[in-house]
Amino acid sequence: QVQLVESGGGLVQAGGSLRLSCTASGVIFSIRAMGWYRQAPGKQRELVALITNSGSTTYADFVKGRFTISTGTAKNTVDLLMNSLEPEDTAVYYCKAAGVSTGRIYAMDYWGAGTLVTVSS
């Protein structure tokens with residue numbers, strides 16, 4: 001069973017910074033990509049940033065230049081450094097591991113439970 005655990009959410013003032021971290025655990029042979037998504041109240045879940053196992057990154061237009069995604073020092077870990085936070089960034093942030101190979105026939109995607117980020121004005 002693969003589990004994703006996120007940490008680092010919380011309350012911050014506008015202009016401040018937060019670092020989110022996510023670790024995937026379990027029997028994992030490989031992960032194609034890991035990323036962060038967010039969902040604000042009343043809105044659909046949207047991509048924030050992702051990084052592939054080759055190091056390629058993708059960012060949503062609304063976070064370019066402010067957020068940085070990177071692989072953590074521990075295996076199967078991804079971090080999201082969020083700078084210059086705005087009240088519009090308030091949302092539950094979810095970690096996703098895509099294309100997780102566990103030895104089964106098909107690779108699968110997994111989601112974390114989410115961590116709340118609140119940016120006050």
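1. β7 (67-71) and β8 (77-82) form a hairpin in which five residues lie between the two strands, and N76 in the turn has a positive phi of about 60°. The two strands pair in the antiparallel sense over five bridges, with S70 standing opposite D79 in β8. Strands here are DSSP runs of E of at least two residues, numbered from the N terminus, and two strands count as paired if DSSP finds at least two bridges between them.

2. This is a predicted model, in which local features need pLDDT of at least 70 and side-chain atom pairs count only at pLDDT 80 or more, while totals for chains, interfaces and linings use all residues. Residues are numbered from 1 along each chain as its sequence is written, and side-chain values use heavy atoms, with hydrogens and water left out.

3. β8 also pairs with strand β3 (residues 18-25), in the antiparallel sense and over six bridges; in this pairing L18 stands opposite M82 in β8. Because five of the six residues of β8 are buried, the strand is largely enclosed by the rest of the structure; buried means under 20% relative accessible area, exposed over 50%, and partly exposed in between, with a 1.4 Å probe and protein chains only.

4. The loop between β8 and β9 (91-101) holds D89, and the place of S84 is in the loop between β8 and β9 as well. D89 is buried, with a relative accessible area of 1%, whereas S84 is partly exposed at 40%. Leaving aside residues up to four places away in sequence, D89 touches R38, R66, F67, S84, V117 and V119, where contact means heavy atoms within 4.5 Å.

5. S84 has a positive phi of about 50° although it is not a glycine. Most residues other than glycine have a negative phi.

6. The largest pocket has a volume of about 190 Å³, and of the 14 residues that line it, the closest to its centre are I31, M34, N53, T71 and N76. The elements that give two or more residues to this lining are β4 (30-39) and β5 (46-52), and the largest share, four residues, comes from β4. A pocket is an open set of points on a 1 Å grid over the protein atoms alone where a 1.4 Å probe fits, with protein on both sides within 12 Å along at least five of seven lines, and lining residues have an atom within 4 Å of a point. Points are joined across faces, edges and corners, and the volume is the space filled by probe spheres set on them.
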